[in-house]
Amino acid sequence: MDRTVDRINLPLSQDRLWASLMDLARIGALPNGGNDRQALTDRDAEGRALFRRWGEAVGLTLTVDRVGTMIFRRPGRDPSRRPVAIGSHLDTQPTGGKFDGPLGVLAGLEIMRALHEAGIETEAPLLLINWCNEEGARFAPPMSGSGVAMGIVPEADILATRDLAGHAFGDELRRIGWQGTADPAALREIGAYFELHIEQGKRLEDAGLTIGVVDRALAQIWYEITVLGEEAHAGSPMAGRRDAMMAAAALIASLEGIAEAAVGAGGERGRATVGVLRAEPASRNITPGRVWFSLDTRHGDTAQLEAMGAQIRARADALAAERGVAVQVAEFWRAPPTPFDPVLVDRVQAAAEARGHAWTRMPTAIYHDAVYCARAVPAALVFCPCHGGISHNEAESITPGWAGAGLEVLADAVLATAGLAGPRAGQA
């Protein structure tokens, strides 16, 4: 293991980080304590403007790429070295929390502030990134900025994406004044990428741990399932109905069992989630003739994930025959299992050990910009706990101490990777 990470005497301020998180949370604040700063809204533009002011106040130079990702740059002593990047996102869900995304961006900002305050120069340049549309709440798919930057999603497809109101991504990006001219592909040249994020699960909190050293991302397959039956009056006899909703309900009810039975190495089980369901016609006294729903499946073992898919299709075929309906199971999107860079992962672990923070190695079942980055450049992901594992919810919360621990580990791993050149010229 690379144990070259030493505690660095840098004036990091947990209080300043927390104050910045609370200041940003005032933009798009919701009555129950959460945030609505969906991508490419006026509130998103306001949050971006505040972030720009903060970054420029400590001498960072801002560029914006063609899909709206913000990239601050801090020069290094050796401009020939590939930059080391820190990033996450500032956009939220419609009823999101204060920390999902902003913690990683503003922890990176705190590192830049501390370096500026101490007059310390790194060998490699540093980048601070606010990826555009990570959440995908308004414009699907999620992780648009990192997906385009890492060559996973075509730029033209993202710019042409429309929200439910029919607005195009590119048009809204221009409307709020945040479409830049930089080539997103330039970010494939970074030397390393680090991201701090709340866990969005209960493992760390339940175990009394402070840091998650994330070593891999689980594989995912998303499906769109359509059940076609026959519309009938709600007063008609139950016998003989071809009710698309009842067939869909039976299929959905089977998913928990299929996921629980998919046991991989170390006892890891699958995950299955129905997030959206639509019935047609939407009438109280008609049996639906068509039901559509989304299905998100995840597992760390690709063979188990594929087996889950096969069982779902088999159950769909059986229900179709039993109930006289048609069931179409169409794959919508898939992502492979993704390892993080072992050298950077070891460096994060060494930083946690050096700081005395209780840690564990763990996977992420949730995709983040770091996962897309890991498919093209060396990358690492650091987790801190969140209360009850609650996220994508106004009740999302963490402690200042958890944020501070994540900040310390992030800073030490980043600076061990970028290298310290000492005080800047003209500063003691």
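Cys132 is buried, with a relative accessible area of 0%, where buried means under 20% relative accessible area, exposed means over 50%, and partly exposed lies in between, as computed with a 1.4 Å probe on the protein chains only. Cys386 likewise counts as buried, at 0% relative accessibility. The model is a predicted one, in which local features need pLDDT of at least 70 and side-chain atom pairs count only at pLDDT 80 or more, while totals for chains, interfaces and linings use all residues. Residues are numbered from 1 along each chain as its sequence is written, and side-chain values use heavy atoms, with hydrogens and water left out.

A disulfide is a covalent bond between the sulfur atoms of two cysteines.

Most residues other than glycine have a negative phi, and most peptide bonds are trans. The peptide bond from Ala140 to Pro141, however, is cis, with omega near 10 degrees, and Pro141 is found in the loop between S5 and H4; helices (H or I, at least four residues) and strands (E, at least two) are DSSP runs, numbered from the N terminus. Met143 belongs to the loop between S5 and H4 as well, and although Met143 is not a glycine, its phi is positive, at about 55 degrees. Met143 is also buried, with a relative accessibility of 3%. A cis peptide bond joins Glu280 and Pro281 too, with omega about -10 degrees, and Pro281 is placed in the loop between strand S11 (277-280) and strand S12 (286-287).

The last topic is an annotation. In an unreviewed UniProt entry, the annotation "binding site" covers Asp100, Glu135 and His392; UniProt positions are given in the numbering used here, feature names are shortened, and annotations may be inferred rather than shown by experiment. These residues are spread over 293 residues of sequence, yet they cluster in space, with a largest C-alpha distance of 9.6 Å.

Glu135 lies in the loop between strand S5 (126-130) and helix H4 (144-149) and is buried, with a relative accessible area of 9%. Leaving aside neighbours within four places in sequence, Glu135 is in contact (heavy atoms within 4.5 Å) with residues including His89, Asp91, Asp100 and His392.

His392, in the loop between strand S17 (379-384) and helix H12 (400-418), is partly exposed at 41% relative accessibility. His392 is not a glycine, but has a positive phi of about 55 degrees. Apart from neighbours within four places in sequence, His392 is in contact with Gln93, Thr95, Asp100, Glu135 and Gln200.
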